[in-house]
Amino acid sequence: MIPKVYKEVIDLGDGREISIETGKLAKQAHGSVVVQSGKCMLLCTVVSNYKQSDVDFLPLTVDYREKFAASGRYPGGFFKREARPSDGEVLTMRLVDRVLRPLFPKDYHAETQVMIQLMSHDDDVMPDAMAGLAASAAIQLSDFPFECAISEARVGRINGEFIINPTRAQLEESDIDMMIGASADSVMMVEGEMKEISEEEMVEAIKFAHDHIKIQCAAQIKLAEAFGKKETREYDPEREDEDLAKKIHDLAYDKVYNVAKAGSSKKERGLAFSEIKEEIKATFSEEELEDFGDLVSKYYSKAEKAAIRDLTLNEGLRLDGRKTDEIRPIWCEVDYLPSTHGSSIFTRGETQALATVTLGTSREANQIDMPSYEGEETFYLHYNFPPFCTGEARPIRGTSRREVGHGNLAQRALKGMIPADCPYTVRIVSEVLESNGSSSMATVCSGTMALMDAGVQMIKPVSGIAMGLISDSETGKYAVLSDILGDEDHLGDMDFKVTGTADGITACQMDIKVKGLSYEILVNALKQAAEGRIHILGKLIETIATPNTDVKAHAPKMVTKTIPGEYIGALIGPGGKVIQELQKTTGTTIVINEDPITEEGLVEILGTSQEGIDAVLAKIDSITFKPVVNSVYEVKVIKMLDFGAVVEYMEAPGNEVLLHVSELAWERTENVSDVVNMGDIFDVKYFGIDSRTRKEKVSRKALLPRPPRPEGDKPRDDRKPRPNKREE
């Protein structure tokens, strides 16, 4: 039987559309949709167990995968099948997860899985911009307890005009690349990179995206109504006890408030709060704790959060004693690691990042091989967050999604300040050694200094800051917090990270937990963030004001040279013999890339010894040397023959040519050694290919004054011409 298909179409303007369809595929899932734009098709399915899990959080898994068949390609590797998710896929998973997770009830703990798959790819459509729409549309068709429809959209800007969901080609021209996630009422998530834009411009981009997201949310609701919206499922909610909650609040609030007001360190605060919690637990019997011990912990956490928030709103004080706009003490150092190409330490309060820079050739570029995009990065950043940085002991099982996301944010913050003519592939690695508040922003700061220490000629230095917001909807009070602590990250209504130069924003990541945040508050928060960024930037400049003029002595120097395509083979040699021998004798690394358009070869020479680099350049000059007709060149005799001398061009050693005996001098030469000897250096004139011998011709005598003719010797033109044999 042919299934009944339900479909809604969203008009993006300029002739583009997004369709949402259900009823044809994956009908055993609790909700499934196909979202299509152009030839790009995403299949999203959602499933949630009906039994609550025995955990105190929502075990939500958002999975985004791109199938290589979607672009008519085979996966790489030996097994020829899709394996672990790429960084690009992980980043899309995070974008969707951050918007979906807050909209499930806090007491809903059933295992839930959202699977989004790219089934067909279109080069003009970026699929990650539709992933949030697909996930929300599938949930709207399910019976999940979910607050409201959401969607995500990408914003670009070309020549001052905003574009919704731009193509990858358009993004190359755009000065903004932002992903915004929102419901019809509230913006919930922002992440992106910019080319030094202002706070007002950023807010305008968010507004533009939100207007389009409202249309996408309405389309989901319309589709669900046409399909037949299911009744929200019933589930076993968490136990609640209002009397117990009030009792614990009364016992804990004042004590927590006083500890918070004292302005102690993270460790001291933690011990003090633990003591308060244990004192409260001691007021209950063992039987009572067995019965509702989980509620005691839950209500204590609520009381602690309320006390800390009230302290900030009422007195403008924070957990460590700072004012709302105060930045923690900062100290920095560069050139800390003696063997790296560049290094720095950035410490702000109890957060510390050690960054290293490594310089390499295009061979070390980060290869990106996804069905939706193939390319390479010549600047990339890796971020590591080991358990000891927060005083924990836990197993390390590969790179976490969090590490991928934080590293990507720092990379986007810095990459616009790497000059286009930087000859190196640049890799930054950030090792987070301490963490209590935004190690990703510490990574941006340490990365900036490490780049300058390595001699990378950054256009401008970049700094970053993590901000928070605490608000009270009843009183209208709010406080924007600069340089937030880890604890403030959890108890606030918004946390956002902003990076930039002295002239504008280069990247941001924002998670908004409160509904209906006004754009006025958002602009004020961004302006306070700008003040904090400039303060931190000043500390970086105090440590290293400008990039070092050259790379370190032990770091590789990079020289690039373009050669005609016809000489690439000669430089490589048969089986790579020439280039391998050249690398071995000079201690350099040589990489040759051929331009498919011009067919020229770009030669990259990397080495720590300038002498070795110069030797490679000399060899290239020798291989590519092509004398110009009627030009004069200095040569050296390297071989004596009966009929001439073999000479070598001084400016291109290894390039030899025969100087025939008849071109040595105007006088008749019986012996070559009568005129020149081994090692003699003199000038010759180049005449090109001789039409008679079909060999290159050079002449010494052409540069010598012609001797006068003997008296009585008639010029050749006056002599009687030889008779033609036919005439005879």
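**Reading a predicted fold: a tutorial dialogue**

Q: What share of the contacts in the protein with a separation of 6 or more joins residues 24 or more positions apart?

A: A contact means heavy atoms within 4.5 Å. In the protein, 68% of the contacts with a separation of 6 or more are between residues 24 or more positions apart. This is a predicted model, in which local features need pLDDT of at least 70 and side-chain atom pairs count only at pLDDT 80 or more, whereas totals for chains, interfaces and linings use all residues. Residues are numbered from 1 along each chain as its sequence is written, and side-chain values use heavy atoms, with hydrogens and water left out.

Q: How many helices and strands does the protein have?

A: Both are DSSP runs, numbered from the N terminus: helices are H or I with at least four residues, strands E with at least two. The protein has 14 helices and 29 strands. Its radius of gyration, taken over C-alpha atoms, is 36 Å, well over the 27 Å from the globule rule for 728 residues, so the protein is more spread out than a compact globule. That rule is 2.2 Å times the number of residues to the power 0.38. Along the principal axes, the C-alpha atoms fill a box of roughly 135 × 70 × 45 Å.
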